[in-house]
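Biologist: Please take a close look at one part of this model for me: the interface between the two chains. Tell me what builds it.

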Amino acid sequence: MGLKEKFFEKARDTCKKIVLPEGTDERIQKAAEVLKKEGIAAPVLVGNKDEIISRASQRGIDCSNLEIVDPLTYPGLPELVNLYSESRKVKKGVAERILKKELVFGGMLLAADKVDGMVAGAASTTASVIQASALTVGYAYGISTPSSFFIMELPDGRVLFYADCAVNIDPSAQQLAEISISTSSSFQKIMGQQPKTALLSFSTKGSASHPFVDKVQQAVSLAKEIVGDSLCIDGEFQADTALVEAVARKKIKEPSPVAGQTNVLIFPDLDAGNIAYKLTQYLAGASAFGPILQGFAKPVSDLSRGAKVEDIVVITAIVCCLV
Amino acid sequence: MEYKEIEARVKKVIAEVLGVDEEKITSESRFVEDLGAESVQSLELVAAFEDEFDIEMEEDAALQVKTVGKAVEFIQRHLQEK
């Protein structure tokens with residue numbers, strides 16, 4: 001069974017409720033139809049009910065079994081307004097206006113536990129999805145930097161998580177530490193295995209000195225300070241030291257639970273991360289799933305604006321695995 | 001509504017939303033650089049102006065406004081069109 005099918009199977013076990021705020025978008029509607037029919041998730045579309053139904057029928061999409069929620073007529077709106085106004089310390093009038101925006105409304109449904117996750121971005125920018133999520137569900141404990149990861153499935157069946165390949169251009173040491181923690185936790189939830197997280201560099205444990213190396217070393221110390229021994233995070237390592245046991249034995253003097261057996265790779269900046277995932281995809285023939293957002297208190301993911309229906313279905317299944 | 005009145009109410013709203021001292025807000029103040037607005041707060045600022053003046057502003061255009069003085073002019077135009 002391929003990884004994608006494993007995500008579908010895991011998602012089917014619990015069939016989580018996932019809000020899709022871009023309810024009138026054609027690809028979102030088609031994805032919702034597939035998710036419902038295949039029993040992968042229970043989608044909740046946000047938008048004007050008549051508009052969603054009429055557009056769907058013009059497109060030949062069956063949305064008769066789908067839950068549709070209109071922010072303007074939702075009976076639980078006063079509860080969401082109160083919750084928003086209290087948590088963000090703004091006037092109710094301000095909360096009412098802001099909750100008319102589908103993305104913020106979707107995020108608030110998640111914050112209020114009316115749904116289990118949110119998937120958006122087919123018709124909105126990544127920045128808008130991050131903004132709506134930050135205003136509603138907020139960040140996970142100890143995290144103040146949203147980031148993203150890719151799941152890489154290699155032709156030999158190995159699975160590696162790569163981060164951050166899509167959001168943070170030049171993360172500080174603190175941000176790099178948070179990216180390591182978020183990605184370790186995402187790996188644990190999705191794969192059900194112990195993450196072994198390596199912070200990568202052109203240096204292995206001080207073999208080179210440069211401000212770039214200092215940043216990665218600081219990030220390792222900060223990550224260890226924040227999570228203690230609860231997660232396996234180590235570095236700085238060159239990629240071969242992280243991945244190949246024989247190289248790790250040669251280059252590392254102190255025993256490391258991560259070197260030579262890494263399953264989560266943290267890149268020092270977006271140049272390295274983005275280039276690495278594309279090289280792995282095109283030269284090694286890996287399948288890349290993502291980017292998936294992380295760092296929020298509840299599962300949220302962005303979609304690329306060019307996402308196809310199948311991409312939306314897969315990302316939604318992965319978000320279900322993060323619940 | 002007079003420019004001065006709009007300006008006073010704009011400053012009051014900014015002070016509330018961003019939690020800054022009203023005295024420190026001038027027409028030249030930039031929301032992000034001078035008043036410390038985080039990008040997530042921009043939507044709340046727009047909604048707070050809409051609520052204060054009972055207007056609807058086009059989101060993308062509103063988010064292009066970078067200083068307090070420009071925000072006052074932007075809102076004044078909306079009030080005149082009302």
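Modeller: The contact (heavy atoms within 4.5 Å) takes 13 residues from chain A and 16 residues from chain B. This is a predicted model, where local features need pLDDT of at least 70, side-chain atom pairs count only at pLDDT 80 or more, and totals for chains, interfaces and linings use all residues. Residues are numbered from 1 along each chain as its sequence is written, chains are lettered from A and ligands numbered from 1 in the order in which they are written, and side-chain values use heavy atoms, with hydrogens and water left out.

Now the area. About 1300 Å² is buried between chain A and chain B. Carbon and sulfur atoms give 51% of that. Buried area is the accessible area (1.4 Å probe) that two parts lose on being put together, summed over both.

Next, charge. Chain A and chain B share 7 salt bridges, each a side-chain nitrogen of Lys or Arg within 4 Å of a carboxyl oxygen of Asp or Glu. One salt bridge pairs A:K91 with B:E16. Their closest N and O atoms are 3.9 Å apart.

Between chain A and chain B, 9 residue pairs qualify, both residues at pLDDT 80 or more.

On the chain A side, α4 (77-88), α5 (92-98) and α7 (126-136) each supply at least two residues. Helices here are DSSP runs (H or I, at least four residues), numbered from the N terminus. α5(A) gives the most, with 4 residues.

Conventions: Polar contact = N/O pair within 3.5 Å; in protein donor to acceptor, adjacent residues only side chain to side chain.
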